[in-house]
Amino acid sequence: MSTKDFIEKDYYKVLGVPKDATEAEIKKAYRKLAREYHPDANKGNVKAEERFKEISEANDILGDPKKRKEYDEARALFGSGGFRPGPGAGGGSFNFDLGDLFGGAQGGNAGGFGGGIGDVFGGLFNRGGATGTRAQPRRGQDIDTEVTLSFTEAIEGATVPLRMTAQSPCKACSGTGDKNGTPRVCPTCVGTGQVARGSGGGFSLTDPCPDCKGRGLIAEHPCAECSGSGRAKSSRTMQVRIPAGVTDGQRIRLRGKGAPGERGGPAGDLYVVVHVDPHPVFGRKDDHLTVTVPVTFTEAALGGEVRVPTLGGPALTLKLPPGTPNGRTMRARGKGAVRKDGTRGDLLVTVEVSVPKDLSGKARDALEAYREATAGEDPRAELFEAAKGA
């Protein structure tokens, strides 16, 4: 993105959160919007797809404390025109290295904006436009992809093949853009890939050169494969390890697994959005698994032992105390999902009393006898007493 776009884009507004929002509030807002605008839920909706990318970009910045701090500092310094030359500047231009301001982020990946804050603002202020600077290495393109896992794969982790398409150096011209391999230096930006535009006050801002598209080179004899851009679409398949315990809608970042960079620049990142298929028996609540187990009336009333299935492991036996009510939840520790620290959550077992539809004569007689034996008991008496006192 251009410097102007970075300064003016309000990621807090994109996620609909205040500037003092906590990490939990940002995470909650992102998850809600990601579900609403996810491409799977908006087939063929280009606007929803663009909105989803914008939401993901905002979460990438605001969800990372370090990136958020750098973003807030940059916005505070430049977003409202707050930076002004001090006394003695005389309204003239001077060299100002924002890489120093942000702790030498030049060439790193501090902000996720194609090489970090230093790259975004590199040469923001310069003397006499782009002349005197040289073209910098360009970070590779970030790639977004998706993967669908079974419920068990999400809990235990899985290695899956991902086929990705991205821009990479054109093989036909070795990334030069010229079919003869001899591009010339762009006369507009003098090989820097940037052009200056006035912003008032004696300063100039830089944008990618419109003639060479930021490459600093122009092909005299454009390559037929890449039309002189030096970049062409390429596809590759790679095996990606999805960590255990991922959740539906989670976005995983794999550093350096995106498109290759230019002029020695680093590769971009790969972002994988995970979708998880539901399980017919088990559910999930944070790091815990859930399961509903039917029990008979006599097991609930008299107590007993019931066998409970586990995900991918042997069944376990739970002891029901006498008088177990319908809907009671018991906990089997260590039988849940894998946490980040390698430990496991629990299996939450909810009891559901099963009412028989068909009764044999003997069973019916037994229940009739039970009803007569408990005829004086009213389980709803306290309910009505409480209603009267309210």
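Ala, Val, Leu, Ile, Met, Phe, Trp, Tyr, Cys and Pro count as nonpolar here, Asp, Glu, Lys and Arg as charged, and the others, Gly among them, as polar. This is a predicted model, so local features need pLDDT of at least 70 and side-chain atom pairs count only at pLDDT 80 or more, while totals for chains, interfaces and linings use all residues. Residues are numbered from 1 along each chain as its sequence is written, and side-chain values use heavy atoms, with hydrogens and water left out.

**View 1. The second largest pocket has a volume of about 1,500 Å³.** A pocket, on a 1 Å grid over the protein atoms alone, is an open set of points where a 1.4 Å probe fits, with protein on both sides within 12 Å along at least five of seven lines; lining residues have an atom within 4 Å of a point. Points are joined across faces, edges and corners, and the volume is the space filled by probe spheres set on them. Of the 44 lining residues, Lys27, Arg31, Thr247, Gln250 and Arg251 lie nearest the centre. By type, the lining splits into 18 nonpolar, eight polar and 18 charged residues.

View 2. Elements are DSSP runs numbered from the N terminus: helices are H or I with at least four residues, strands E with at least two. With seven residues, α3 gives the largest share.

**View 3. Strand β9 is mostly covered, with seven of its seven residues buried.** Buried means under 20% relative accessible area, exposed over 50%, and partly exposed in between (1.4 Å probe, protein chains only). Leu270, Val272, Val274 and Val276 point one way, while Tyr271, Val273 and His275 point the other. In a regular strand, side chains alternate between the two faces of the sheet.

**View 4. β9 pairs with β1 (residues 143–149) and with β8.** Two strands pair if DSSP finds at least two bridges between them. The β1 pairing is parallel, over seven bridges, and Ile143 sits opposite Leu270. β8 runs antiparallel to β9, joined by four bridges; here Arg253 has Tyr271 as its bridge partner.

**View 5. β10 belongs to an open, mixed sheet of four strands, ordered β10-β11-β15-β14.** β10 and β14 (329–332) stand at the edges with a single partner strand each, so one side of each lacks a neighbour in the sheet. Three bridges join β10 to the antiparallel β11 (residues 288–295), and Lys285 stands opposite His288.
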